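The sequence and structure are shown first.

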Amino acid sequence: MTSETTPAEQLWFAMRKAATMMERHADAVVARATGVSLGQYMVLSVVHARTGPVTQQAIADRLGLTKGTVSRLLDGARRAGHAETAPSETSRRERVVTLTPAGRAVVDAADVAMLGSEMATFAMREPALAATMVEGLHALIASLEEAD
């Protein structure tokens, strides 16, 4: 057996390292700007981006998280005064999530901080490469979704 890695292994290791580094970087950027975790910001951001009621399940689906993880993150957001939940008008089993003004301020501050982060700087410095990477990631995601 040779010590060289296959293209599939190279992709796997590069993706894992990039994902870990991006998550750590983004968590630090968001925490410095807002005092909330990256997970809470992501949940609040999904709600912020929608115009109508958003269910916990819709948030979980959008972020690729379990409903339990979203529930835990929302509990923290509610305790911090960033979000509110109420029973859904269309389903007794669902709860809808809305942001408070404080929650909207958290998302706005984190968005600004992320735009000033190294990830954004890379995308501005290397727009063609960033676009190619995004295109490749979408192709990988589609391939994985087909396999499921």
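A residue is called buried under 20% relative accessible area, exposed over 50%, and partly exposed in between, with a 1.4 Å probe and protein chains only. At 60% relative accessibility, Gly 116 therefore counts as exposed.

This is a predicted model, in which local features need pLDDT of at least 70 and side-chain atom pairs count only at pLDDT 80 or more, while totals for chains, interfaces and linings use all residues. Residues are numbered from 1 along each chain as its sequence is written, and side-chain values use heavy atoms, with hydrogens and water left out.

**Overall architecture**

The protein has 7 helices and 3 strands, taken as DSSP runs (H or I of at least four residues for helices, E of at least two for strands) and numbered from the N terminus. Their order from the N terminus is α-α-β-α-α-β-β-α-α-α. The C-alpha trace spans about 60 × 35 × 25 Å along its principal axes. Of the 148 residues, 26% count as buried. Contact means heavy atoms within 4.5 Å; of the contacts with a separation of 6 or more, 47% are between residues 24 or more positions apart.

Gly 116 lies in the loop between helix H5 (101–115) and helix H6 (118–125). Its C-alpha is 24 Å from that of Ala 14, and the two are 102 residues apart in sequence.

Two packed helices are described by the angle between their axes and the distance between the axes. Here the axes are lines fitted to C-alpha atoms over the stretch in contact, and angles run from 0 to 180 degrees between N-to-C directions.

| Property of the H3–H4 pair | Value |
|---|---|
| Angle between H3 (56–63) and H4 (67–79) | about 110° |
| Distance between the axes of H3 and H4 | 9 Å |

H3 and H4 are therefore roughly perpendicular to each other, a class that covers angles of 65 to 115 degrees. H3 contributes Gln 56, Gln 57, Ile 59 and Ala 60 to the contact, and H4 contributes Lys 67, Val 70, Ser 71 and Leu 74.

**The two sides of H3**

Within H3, Gln 56, Ile 59 and Ala 60 are buried. Seen down the helix axis, the buried residues of H3 fall within an arc of 100°, so they line one face; the arc is that of the directions from the axis to the C-beta atoms. They pack against helix H2 (38–49), strand E1 (54–55), H4 and strand E3 (95–99). Asp 61 and Arg 62, on the other side of H3, are exposed. Gly 64 follows H3 and has a positive phi, near 70°.

Terms used:
Angles under 35 degrees count as roughly parallel, over 145 as roughly antiparallel, 65 to 115 as roughly perpendicular and the rest as oblique.
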